[in-house]
Amino acid sequence: MADLSHFPITQRWPASDPEAIQLYAFPTPNGVKISIALEELGLPYEAHKVALTAEDVKSPEFLSLNPNGKIPAIIDPNGPEDQPIALFESGAILIYLAEKTGRLMGAGPAQKYTVQQWLMFQMGGIGPMFGQLGFFYKFAGAQIEDRRPKDRYIAEARRLLAVVEGQLQGRDWLCGEYSIADIATAPWLRALEIYGAREAVGWWDLPNCIAYLDRFLARPAVQVGLVTPPRD
């Protein structure tokens with residue numbers, strides 16, 4: 001049986017099954033990427049809720065796993081060379097899980113790099129920009145009277161959505177086959193509804209994106225992953 005006792009995080013969030021992947025997350029667009037991937041890949045895992053509060057993400061135990069203090073993070077007791085491995089950053093975790101199983105990364109080297117390309121597009125563009133849109137459109141930043149921040153992120157969200165809309169022309173998924181690029185991207189498209197920003201970004205003028213998100217949300221693994229770990 002794997003011994004995870006040398007990971008300080010297991011003192012605060014103990015592992016019931018130390019042979020399973022330990023997921024530390026909260027059901028945000030970034031957090032659910034990993035629970036969805038784990039469900040899609042059929043890997044045994046144990047989900048620990050790490051609230052987005054200083055008490056949790058800034059705790060010494062969590063910072064020992066991710067010094068950046070952000071979810072998600074994992075410990076895989078069965079990592080490379082049969083040694084446990086700890087990882088943070090959702091994109092890095094998705095690549096690791098795909099390579100571990102040989103799935104959701106595309107067939108062949110060229111397709112693999114295409115998938116990584118669109119994964120990086122999400123990590124560097126859609127995630128940060130949509131996150132700022134949410135802050136200035138719905139959350140604390142919405143109280144700022146100066147409209148320039150809100151207008152900036154609405155415009156950038158529209159631009160990024162147009163890129164996705166074009167890529168989906170004639171395709172069900174971003175890279176042709178379902179991949180970690182979709183698992184990374186679609187939860188952020190879903191977040192536009194949570195932010196109440198669909199009208200602002202012209203969502204209803206994007207038929208490819210609408211159909212794409214519907215396909216994604218219909219997947220059984222996605223339905224489970226979106227509520228794992230549960231908020232309450």
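Where is Asn-66 found? In this predicted model, Asn-66 is located in the loop that lies between helix H4, residues 60-65, and strand E3, residues 73-76. Asn-66 is buried, and its relative accessible area is 1%.

The bond that joins Ile-71 and Pro-72 is a cis peptide bond, with omega at about 0°.

The largest nonpolar core has 61 residues, and the members that touch the most others are Ile-74, Leu-97, Phe-130, Ile-180, Trp-203 and Phe-216. Two or more residues come from each of the following elements: strand E1 (21-25), and helices H2 (29-41), H5 (90-101), H6 (109-137), H7 (148-167), H8 (180-194), H9 (198-201) and H10 (207-217). Which element gives the most to this core? Helix H8 does, with nine residues. Apart from this core lies another, of 14 residues, including Tyr-24, Val-50, Val-57 and Ile-71. In soluble globular proteins, nonpolar side chains tend to be buried together.

If neighbours within four places in sequence are set aside, the contacts of Ile-74 include Ile-21, Gln-22, Leu-23 and Tyr-24. Also in contact with Ile-74 are Ile-34 and Leu-65, then Ile-85, Ala-86 and Leu-87, and finally Ile-93, Tyr-96 and Leu-97.

On the H2 side, the contact is made by Asn-30, Lys-33, Ile-34, Ala-37, Leu-38 and Leu-41. On the H5 side, the residues are Ser-90, Ile-93, Leu-94, Leu-97 and Thr-101.

Helix H5 also packs against H8, at an angle of about 150° and with the axes 10 Å apart. The crossing of H5 and H8 is right-handed. Here Leu-94, Ile-95 and Ala-98 of H5 meet Ile-180, Ile-183 and Ala-184 of H8.

What is the handedness of the crossing of H8 and H10? That crossing is left-handed. From H8, the residues involved are Asp-182, Ile-183, Thr-185, Ala-186, Pro-187, Leu-189 and Arg-190. Their counterparts in H10 are Tyr-212, Leu-213, Phe-216 and Leu-217.

Is Ser-35 buried or exposed? With a relative accessible area of 0%, Ser-35 is buried, because the cut-off for that class is under 20%. Its side chain reaches two backbone oxygens: that of Val-32 at 3.2 Å and that of Gly-225 at 2.7 Å. Beyond neighbours within four places in sequence, Ser-35 is in contact with Leu-23, Tyr-45, Gly-225 and Thr-228.

Ser-35 and Pro-229 are separated by 194 residues in sequence, yet their C-alpha atoms are 7.9 Å apart in space. Pro-229 is found in the segment after helix H11, residues 220-225. The peptide bond from Thr-228 to Pro-229 is cis, with omega near -10°.

Finally, I come to backbone torsions. Most residues other than glycine have a negative phi. Which values does phi take at Asp-82 and at Glu-89? For Asp-82, phi is near 60°, a positive value in a residue other than glycine. Asp-82 is in the loop between E3 and strand E4, residues 85-88, and counts as exposed at 69% relative accessibility. For Glu-89, phi is near 75°, again a positive value in a residue other than glycine. Glu-89 is in the loop between E4 and H5 and is partly exposed, with a relative accessible area of 37%.

Terms used. Residues numbered from 1 in each chain as written. Predicted model: local features only at pLDDT ≥ 70, side-chain atom pairs only at ≥ 80, totals over all residues. Heavy atoms only, no water. Core = buried A, V, L, I, M, F, W, Y, C linked by side-chain atoms within 4.5 Å. Buried < 20%, exposed > 50% of the residue type's maximum accessible area, 1.4 Å probe, protein only. Helix = DSSP H or I, 4+ residues; strand = E, 2+ residues; numbered from the N terminus. Contact = heavy atoms within 4.5 Å. Left-handed = near helix turned anticlockwise from the far one by under 90°. Axes fitted to C-alpha atoms, helices over the stretch in contact; angles between N-to-C directions. Polar contact = N/O pair within 3.5 Å; in protein donor to acceptor, adjacent residues only side chain to side chain.
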